[in-house]
Amino acid sequence: MKQWIERLGHVWVEGQLAQINYKPSWKLSYVTLRDPQAEASVQLTCPSSLLRDMDLSDGDRVVVYGKPAFYAGRGSFSLWVTQIRRVGVGELLARINALREALAREGLFDPERKKPLPFLPRRVGLITGRGSAAERDVLAVARDRWPEVDFEVINTAVQGPSAVPEIVKALKVLDDAAGVDVIIIARGGGSVEDLLPFSEEALQRAVATCSTPVVSAIGHEPDNPILDNVADVRAATPTDAAKRVVPDVLAERELVAQLRARGRQAVVGYVNNQADYVGQLASRPVLADPYTPIHRHAEELDGWRRRLRREVVSLVESQSNDVASLRARVKALGPAATLARGYAVVQVRDPDAPKQQGADAYSVVTSIGDVAPGSQLRVRVGDGSMGAAVLNVTPAD
């Protein structure tokens with residue numbers, strides 16, 4: 001196996017320094033190079049002179065040039081390194097910007113996918129370094145604002161090669177935990193290299209798939225790792241994260257008192273307005289004396305009745321006068337008036353005409369030619385009639 005592995009050629013490998021075992025007096029030094037995103041590492045063996053002038057420390061991002069080697073005595077694999085180059089800040093920032101643009105094109109930064117924070121979370125998950133100032137700030141500020149707030153804290157590495165795997169694991173634990181309504185990922189300030197884990201792609205994918213709202217509280221206001229863009233809420237500092245997640249009980253109580261006072265004032269004002277309106281209605285004549293409009297309408301009806309009676313009486317009198325006048329005219333022009341003045345109507349009986357209802361038929365004599373001697377006559381005067389007979393007929397002079 002040793003012979004087969006050592007036939008392999010030289011390779012360039014990039015990673016993060018996780019452990020450096022170095023002493024100036026040693027001929028060889030031993031370094032652990034770790035993948036910043038996955039649970040993978042490899043042992044490096046290099047001359048101590050290679051590390052003496054580089055001032056390397058755990059967490060530095062480097063590129064090494066080495067040849068695979070196998071130590072049969074310990075049964076271990078390593079890279080025999082002859083060159084180590086530090087990855088510059090400019091190159092790291094360029095890679096971060098390239099990843100930021102790629103994730104933005106995928107839609108991981110879209111506001112539509114951001115989940116809102118709960119008003120009052122039952123339990124707050126906190127991922128941060130053990131005993132860190134960020135942990136103290138978040139807990140202290142949150143409990144000052146709402147003393148009964150419940151936290152579930154998971155301490156992880158917040159820099160170095162183990163930071164991303166530990167944070168991703170803690171994120172899954174809190175996302176699956178019952179009762180955790182929001183998760184805060186907090187870390188204090190640091191250099192670009194220190195904050196590099198919070199711009200690793202693996203962490204961004206884990207946050208994007210998280211069903212619980214995630215708050216990013218990394219560094220200070222100028223710091224802007226990619227996690228700030230992917231998280232549902234970006235807090236400028238860990239203190240700001242506590243203020244955003246946990247409401248201020250004093251402010252909420254004051255708001256409740258203000259709303260209660262406003263509600264009371266609104267109800268009292270409404271009742272007073274309605275009372276004034278009822279008073280205005282009660283002061284109106286129709287409510288002060290409900291019979292007033294009835295009496296007024298009764299008087300109007302009486303007035304109309306009297307007017308109608310006068311009109312009817314006047315009309316009857318006028319028509320009666322007209323009828324009397326017409327009767328007088330008819331009377332003056334009728335035969336009865338003439339008969340009353342001494343005139344008479346002479347009628348001759350027609351023996352040939354059929355009787356009408358048992359009575360003889362008579363016709364008025366208007367000429368001496370209508371009668372002959374011996375004809376039966378009926379003479380009508382003003383107060384009755386009499387029978388007569390024609391003795392002779394004498395023409396007029």
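For this tour, Ala, Val, Leu, Ile, Met, Phe, Trp, Tyr, Cys and Pro count as nonpolar, Asp, Glu, Lys and Arg as charged, and the others, Gly among them, as polar. You're looking at a predicted model, where local features need pLDDT of at least 70, side-chain atom pairs count only at pLDDT 80 or more, and totals for chains, interfaces and linings use all residues. Residues are numbered from 1 along each chain as its sequence is written, and side-chain values use heavy atoms, with hydrogens and water left out.

**Stop 1: the largest pocket.** Select Q37, R61, R95, S199 and E200, the closest to the centre among the 13 residues that line the largest pocket. A pocket here is an open set of points on a 1 Å grid over the protein atoms alone, where a 1.4 Å probe fits, with protein on both sides within 12 Å along at least five of seven lines; lining residues have an atom within 4 Å of a point. Its volume is about 210 Å³, meaning the space filled by probe spheres set on the points, with grid points joined across faces, edges and corners. The lining splits into five nonpolar, three polar and five charged residues. Now colour α3 (89-106), which gives the most to this lining, with four residues. Helices (H or I, at least four residues) and strands (E, at least two) are DSSP runs, numbered from the N terminus.

**Stop 2: the second largest pocket.** This one holds about 170 Å³ of space. Pick L93, V192, L195, N224 and P225, the closest to its centre of the 13 lining residues. By class, there are seven nonpolar, four polar and two charged residues in the lining.

**Stop 3: Q16.** Go to strand β1 and click Q16. Leaving aside neighbours within four places in sequence, its contacts include R34, D60, R61 and P161; contact means heavy atoms within 4.5 Å.

**Stop 4: N155.** Next, select N155 in strand β7 (residues 151-155). With a relative accessible area of 23%, N155 is partly exposed, the class between buried and exposed (over 50%). Show the side chain of N155: it reaches the backbone oxygen of G129 at 3.3 Å, and one of its polar atoms lies 3.5 Å from the backbone oxygen of T128.

**Stop 5: A178.** Finish in the loop between α5 (163-176) and β8 (180-187), where A178 is found. A178 is exposed, at 68% relative accessible area.

Note on methods: Buried < 20%, exposed > 50% of the residue type's maximum accessible area, 1.4 Å probe, protein only. Polar contact = N/O pair within 3.5 Å; in protein donor to acceptor, adjacent residues only side chain to side chain.
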